[in-house]
Amino acid sequence: MFTKVKVVSYDLTVSLGKFAILFGQVISWMRVLPWDVKSITAQMVEVGIKSFPICVMSSFSMGMVLALQAGTSARFVFNEPLYVGTIVAFSLIKELSPVLMATVVAGRVGAGIAAEIGTMKVTEQIDALYTLGTNPIRYLVMPRFIACVTMLPLLTVFTNIVGLTGGYIVSVTNLEIPGTIYWADAYDYMRVKDLFHGLIKSVFFGATIALVSCYKGFECKNGAEGVGRATTSAVVMTLVIILVSDYFLTALLVALGIG
């Protein structure tokens with residue numbers, strides 16, 4: 001039993017070390033100009049534009065559910081659906097939109113990154129890049145890292161608007177709250193730092209998606225079966241890190257006075 005724990009601890013330490021090295025290499029290559037703008041743009045389209053429809057549908061539904069639940073609960077307690085706009089706005093902007101968008105992008109984009117790089121690994125295409133004098137970190141990882149870090153906050157901003165709109169529709173049609181009151185509740189108590197609270201989380205989550213997915217792809221072994229395992233492992237590990245780190249990020253941002 002002790003031997004197994006020791007082996008697991010050793011493997012975990014090695015994995016953390018490799019992950020830290022990958023992150024350091026990405027940051028190092030980002031300082032080297034010029035960037036491959038064509039590749040970065042292609043990844044931004046993949047991460048941002050192609051993820052936009054599903055992100056919009058998810059956020060719109062979430063805003064509607066939040067408004068309905070908040071209005072129903074408030075009516076049960078106060079006999080009136082009070083502060084529905086405030087509840088929807090704060091819940092979406094500070095917490096739900098960053099986490100929900102990260103979850104959607106991790107499932108759609110993270111799995112694709114791990115599968116693509118994993119396939120290149122098992123078919124020795126990455127070794128061929130080294131042979132041709134091309135660094136795989138600069139060619140494969142850096143564009144995906146930049147795309148995830150930049151596009152996830154943008155997706156979060158758009159989905160905040162869509163989610164608030166969904167809450168507005170439910171408030172007006174189901175809860176019979178005047179639209180002016182809903183938007184007043186949403187904006188009267190909102191501060192700029194509350195918006196940054198969610199955006200900072202989105203940047204961290206975007207970096208997590210890119211780095212974990214690329215790392216799992218580079219560590220892929222054993223052919224097609226290994227690609228499947230790497231893809232599954234990348235998505236699961238990314239989601240776990242997002243959900244666990246969310247609390248610590250929230251605590252840190254609150255301690256710093258951001259939200």
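1. Lys18 and Glu219. In this predicted model, the side chains of Lys18 and Glu219 are joined by a polar contact of 3.5 Å. Lys18 sits in helix 1 (residues 2-30). Leaving aside residues up to four places away in sequence, Lys18 touches Tyr215 and Glu219. Tyr215 is 197 residues from Lys18 along the chain, yet their C-alpha atoms are separated by 8.3 Å. Lys18 counts as partly exposed because its relative accessibility is 37%.

2. Salt bridges overall. The whole structure holds 9 salt bridges. Some of them are taken up below.

3. Asp194 and Lys94. Their side chains form a salt bridge, 3.8 Å from N to O. This pair links distant parts of the chain: Asp194 belongs to helix 8 (residues 192-218) and Lys94 to helix 4 (residues 84-122), 100 residues apart. Both Asp194 and Lys94 are buried.

4. Asp194 and Arg191. Asp194 also meets the side chain of Arg191 in a salt bridge of 3.2 Å, N to O. Asp194 has a relative accessible area of 0%, so it is buried. Arg191 has 42% relative accessibility and therefore counts as partly exposed.

5. Glu225 and Arg229. Here the salt bridge is 2.9 Å, N to O. Both residues lie in helix 9 (residues 223-255), 4 residues apart, about one turn of the helix. Glu225 is exposed because its relative accessible area is 58%. Arg229 has a relative accessible area of 41%, so it is partly exposed.

6. A network. Salt bridges link Glu46, Lys50 and Arg108 in a network.

Terms used:
Residues numbered from 1 in each chain as written. Predicted model: local features only at pLDDT ≥ 70, side-chain atom pairs only at ≥ 80, totals over all residues. Heavy atoms only, no water. Helix = DSSP H or I, 4+ residues; strand = E, 2+ residues; numbered from the N terminus. Buried < 20%, exposed > 50% of the residue type's maximum accessible area, 1.4 Å probe, protein only. Contact = heavy atoms within 4.5 Å. Polar contact = N/O pair within 3.5 Å; in protein donor to acceptor, adjacent residues only side chain to side chain. Salt bridge = Lys/Arg side-chain N within 4 Å of Asp/Glu carboxyl O.
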